[in-house]
Protein chains: 2
Amino acid sequence: MADKKMVEQITPMDVDFAQWYTDVVKKAELADYSGVKGCMIIRPYGYAIWENIQRELDARFKKTGHENVYMPMFIPESLLQKEKDHVAGFAPECAIVTIGGQNKLTERLIVRPTSETVFCEHFKNVIQSYRDLPKLYNQWVNVVRWEKTTRPFLRTSEFLWQEGHTMHETEEEARKETLQMLEVYKEFYLNCLAIPAVVGKKTDKEKFAGAVETYTIEPMMQNGVALQGGTSHYFGDGFAKAFDITFTGRDNKIYYPHQTSWGVSTRMIGAIIMTHGDDSGLILPPAIAPIQVVIIPVAQHKEGVLEKANELADRLRAKGIRVKLDDSDQSAGWKYSQYEMKGVPVRLEVGPRDIENNSCVLVSRVSREKNFVALDALEAEVEKMLAFVHDELVERANKNLAQKTNTAASYEEFLDVAENKPGFIKAMWCGDSACEEKLKEATGGVKSRCIPFEEEHISDTCACCGKPAKHMVIWGRQY
Amino acid sequence: MADKKMVEQITPMDVDFAQWYTDVVKKAELADYSGVKGCMIIRPYGYAIWENIQRELDARFKKTGHENVYMPMFIPESLLQKEKDHVAGFAPECAIVTIGGQNKLTERLIVRPTSETVFCEHFKNVIQSYRDLPKLYNQWVNVVRWEKTTRPFLRTSEFLWQEGHTMHETEEEARKETLQMLEVYKEFYLNCLAIPAVVGKKTDKEKFAGAVETYTIEPMMQNGVALQGGTSHYFGDGFAKAFDITFTGRDNKIYYPHQTSWGVSTRMIGAIIMTHGDDSGLILPPAIAPIQVVIIPVAQHKEGVLEKANELADRLRAKGIRVKLDDSDQSAGWKYSQYEMKGVPVRLEVGPRDIENNSCVLVSRVSREKNFVALDALEAEVEKMLAFVHDELVERANKNLAQKTNTAASYEEFLDVAENKPGFIKAMWCGDSACEEKLKEATGGVKSRCIPFEEEHISDTCACCGKPAKHMVIWGRQY
């Protein structure tokens with residue numbers, strides 16, 4: 001029967017990683033293309049991952065004292081132009097509304113690519129005294145950056161994200177906030193997405209438009225390519241000056257406040273896919289999996305099987321575990337493939353013989369071994385297996401990161417590694433943007449990812465120009 | 001000291017209801033104006049109300065089997081034009097993107113005013129067989145409708161809402177869904193917003209562009225003006241035909257699916273303000289109040305007061321109650337006014353004498369009477385008072401609705417009531433749009449709100465033309 005055909009195969013990773021990615025996005029029903037070039041439809045299963053991500057992150061933002069707000073999506077062109085580095089960075093990729101209510105607008109409206117400027121306009125109204133500080137705001141919204149080459153989740157003209165925007169009394173406090181939120185991202189990536197990642201500071205060349213410092217989290221995908229996973233910026237008082245935001249300090253003098261912003265996006269779903277997936281499809285970290293356990297009844301027409309399956313589902317749900325019981329008339333084999341494709345961490349099989357033995361079968365998405373488990377110990381065993389899947393995913397990602405991180409002490413070595421070994425390159429740098437540019441040109445796209453918080457000593461001199469080195473930089477190709 | 005000045009007064013409702021509304025929005029820090037005409041900033045306190053609304057409604061949507069998705073915000077102009085009634089309804093109020101990435105677009109993009117068309121484009125891809133039905137989708141997004149006259153929450157060019165979009169195998173199932181979601185709105189309005197409301201069917205003249213039937217929930221504000229509180233539409237297969245969406249039925253024949261959509265928006269915050277507020281500011285229904293109980297320590301510098309206040313806060317939080325302890329150095333009087341302005345349902349005062357007596361003072365926002373409560377019974381007493389505030393708000397709103405609903409049996413009586421008595425008018429109607437138009441013109445804006453599910457017999461003939469009546473209609477002015 002047509003409905004019972006086996007789940008279609010996907011392209012193996014080794015054959016074509018890019019095609020494998022596209023296949024997984026489509027077959028796992030995460031996203032679909034829309035009629036507008038570069039804009040994606042996030043389907044229920046993909047959106048449920050995003051909802052779990054939002055819930056986890058939002059709790060962390062609130063715990064650190066942040067409040068959610070909503071700022072207008074339209075930015076008057078003159079507002080965007082107030083901070084000159086900022087507008088230079090974003091103007092080339094703006095979508096612009098020129099008509100409203102059938103009339104040509106007197107001032108063109110930019111669809112927000114990011115919201116520093118509208119936040120600043122509001123901050124000017126609500127900050128007068130040191131008593132009004134800090135302002136710790138965040139919003140969950142859609143943003144638009146007109147992209148030439150797009151891929152679902154990784155780079156789309158419209159995407160969903162959160163953007164934190166904060167204002168502080170002192171530079172020290174603002175810098176602390178910037179690093180605190182990077183740490184929140186790092187902890188979230190590790191504990192919820194099972195993705196270990198390098199964190200550090202962007203070079204001046206790679207900084208956010210208008211920022212004094214940009215910090216970044218840089219996970220590595222299984223193919224060795226980096227994904228900029230999230231950024232946290234310290235702005236100093238540059239925007240405050242451009243927008244004339246001042247406050248009366250404790251000493252009754254007038255000061256400019258110090259600003260930060262930080263954001264992560266639906267791109268994280270791309271990171272999950274490419275960090276954990278395999279040739280059978282997606283593998284989801286349990287913390288954000290929409291379905292943590294799928295229950296598949298075996299010989300479900302036999303008396304007592306569906307009742308038992310439902311009973312087990314209820315028991316697990318009572319523990320707060322997200323369970324799906326699939327009692328559709330598809331074959332068991334089709335179901336196994338389907339939920340492997342969808343990356344469900346744990347599969348529970350229960351049939352007449354299991355019921356007789358007061359047991360069931362648990363299969364983890366990472367080991368795929370059958371584990372016979374006594375029903376009396378079900379909750380504990382499932383929780384153990386979910387924890388195992390998380391740990392195993394972290395271990396695999398750590399291994400990939402270690403295996404695909406190489407060092408280069410000289411220019412020749414750098415070019416050799418860049419050409420022959422996918423992944424990150426640790427190499428020294430003199431601090432000059434010209435060397436970054438030269439390495440990028442020579443390698444066809446290897447860029448500085450960051451100056452990591454934990455630098456090592458690879459050599460004494462810049463891997464590009466041979467002058468004395470100032471920093472160790474992590475380099476890599478990127479999505 | 002400047003920071004300790006009393007909370008500023010707001011315009012009394014009786015003096016100027018519109019100004020009272022604007023004052024409350026501003027002084028309760030719900031929203032602010034932005035640099036783009038008609039676009040508002042939703043501030044933390046206003047957004048926290050929206051988050052509570054979202055949480056409550058989203059749980060109801062999921063319980064009834066709906067899944068969240070995200071569709072692109074941009075709609076190619078040709079897509080919007082596929083259903084002719086629909087485009088005629090929305091074209092006049094569209095914001096249009098004509099430039100992307102510094103180039104003039106070959107096809108103009110409409111910023112979604114609603115998303116039937118993009119959902120249909122997707123439905124066409126994902127619906128093939130009756131097995132793919134129903135599709136029960138919802139999204140929480142921003143939409144844009146270019147408005148000439150705007151007011152925060154009530155009518156803004158950009159607003160936040162949810163839009164449900166569903167596809168069904170049969171007309172019967174789709175009609176059932178349409179009514180089910182209206183019922184969800186009605187129950188939510190009553191149990192979460194403490195707003196009783198008339199529900200019914202829109203006349204053809206007032207239907208949504210492209211719908212076969214539009215159902216509506218119509219709460220009445222304290223000044224007797226109606227607010228269209230939410231709508232639920234049955235589309236038949238009109239869009240399905242326009243978009244060529246078909247499925248193979250159980251009998252192997254090809255059919256068009258039947259469609260619904262339904263939505264409520266941030267406008268509900270306007271309904272809360274105008275249904276419950278008073279001359280001291282906002283009054284929030286406990287179910288969606290960001291702060292349900294504010295604790296104000298009296299003589300907080302005295303030993304043990306803050307410790308006790310914190311202990312009580314923790315006890316209430318353990319019960320899932322949303323508590324704020326205000327230990328700032330503002331005066332107690334300032335705090336009382338401030339949290340009355342913000343509509344916090346219950347105030348708890350605790351000072352040295354209370355602690356001695358093992359008691360505290362509870363004051364509800366609706367009665368403002370002091371209740372001395374034994375600390376041993378605190379949780380139960382607070383829960384009782386929160387329930388009391390909810391019930392009292394419902395009773396007041398019901399009373400307002402009853403008092404401001406009048407009947408009119410003739411044209412003269414209709415004009416007289418419309419001129420002299422604010423509120424709803426129950427009057428018979430022949431079914432002709434011309435009579436609706438005539439009554440609207442003659443009264444300067446009284447429109448049919450709906451044909452309520454529970455019709456009464458007011459007279460035998462249409463209050464406008466005198467021909468035999470088909471229905472009783474509820475009429476009223478609207479926001």
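In which order do the five strands of the open sheet in chain B stand, and what is the pairing? The order is β16-β15-β17-β18-β19, and the pairing is mixed. This is a predicted model, in which local features need pLDDT of at least 70, side-chain atom pairs count only at pLDDT 80 or more, and totals for chains, interfaces and linings use all residues. Residues are numbered from 1 along each chain as its sequence is written, chains are lettered from A and ligands numbered from 1 in the order in which they are written, and side-chain values use heavy atoms, with hydrogens and water left out.

**View 1. The five-stranded open sheet of chain B.** Helices (H or I, at least four residues) and strands (E, at least two) are DSSP runs numbered from the N terminus, and two strands pair if DSSP finds at least two bridges between them. The five strands form an open sheet with mixed pairing. Its edges are β16 (323-325) and β19 (370-374) of chain B, each with a single partner strand, so one side of each is left without a neighbour in the sheet. From one strand to the next the twist averages 25 degrees; axes are lines fitted to C-alpha atoms, for helices over the stretch in contact, and angles run from 0 to 180 degrees between N-to-C directions. Five bridges link β15 (residues 293-297) and β17 (residues 346-350) of chain B in the parallel sense, with Ile295(B) opposite Leu348(B) in β17(B). Helix α10 (residues 332-341) of chain B packs on the sheet, touching β15, β16 and β17 of chain B (contact means heavy atoms within 4.5 Å). The direction of α10 makes about 175 degrees with that of β15(B).

**View 2. The 11-stranded open sheet of chain B.** In this sheet the strands follow the order β3-β7-β8-β14-β11-β10-β9-β22-β23-β21-β20, again with mixed pairing. The edge positions belong to β3 (67-68) and β20 (405-407) of chain B, each having a single partner strand, so one side of each is left without a neighbour in the sheet. Strand β9 (residues 198-201) of chain B runs antiparallel to β10 (residues 213-218) of chain B, joined by four bridges; Val199(B) has Ile217(B) as its bridge partner in β10(B). β9(B) also pairs in the antiparallel sense with β22 (residues 447-452) of chain B over two bridges, where Gly200(B) stands opposite Pro452(B). Five bridges connect the antiparallel strands β21 (residues 424-429) and β23 (residues 471-476) of chain B, and Lys426(B) stands opposite Ile474(B) in β23(B).

View 3. Helix α5 (residues 116-126) of chain B lies across β7 (135-144), β8 (158-168), β11 (230-236) and β14 (258-265) of chain B, at about 150 degrees to β7(B). Helix α13 (residues 411-420) of chain B lies across β20, β21 and β23 of chain B and runs at about 165 degrees to β21(B).

**View 4. The interface of chain B and chain A.** The contact involves 53 residues from chain B and 53 residues from chain A. Together the chains bury about 4500 Å², 59% of it on carbon and sulfur atoms; buried area is the accessible area (1.4 Å probe) that two parts lose on being put together, summed over both. In chain B, the residues losing the most area to chain A are Pro44(B), Tyr70(B) and Arg131(B), which together account for 14% of what that side buries. Four salt bridges cross the interface (a side-chain nitrogen of Lys or Arg within 4 Å of a carboxyl oxygen of Asp or Glu). Asp329(A) forms a salt bridge with Arg131(B), with 3.4 Å between the closest N and O atoms. Strand β5 (residues 95-100) of chain B gives the most to the side of chain B that touches chain A, with six residues. β5 (residues 95-100) of chain A and β5(B) run antiparallel, joined by five bridges, and Ile99(A) stands opposite Ile96(B).

**View 5. A salt bridge within chain A.** The side chains of Arg108(A) and Glu77(A) meet in a salt bridge at 2.8 Å, N to O. Arg108(A) lies in strand β6 (residues 103-111) and Glu77(A) in helix α3 (residues 77-80) of chain A, so the pair ties together parts that are 31 residues apart in sequence.

**View 6. Backbone features in loops.** The peptide bond from Leu133(A) to Pro134(A) is cis, with omega near -5 degrees; Pro134(A) lies in the loop between α5 (116-126) and β7 (135-144) of chain A. In chain B, the peptide bond from Leu133(B) to Pro134(B) is cis, with omega near -5 degrees. Phe153(A), although not a glycine, has a positive phi of about 70 degrees, and is placed in the loop between β7 and β8 (158-168) of chain A.
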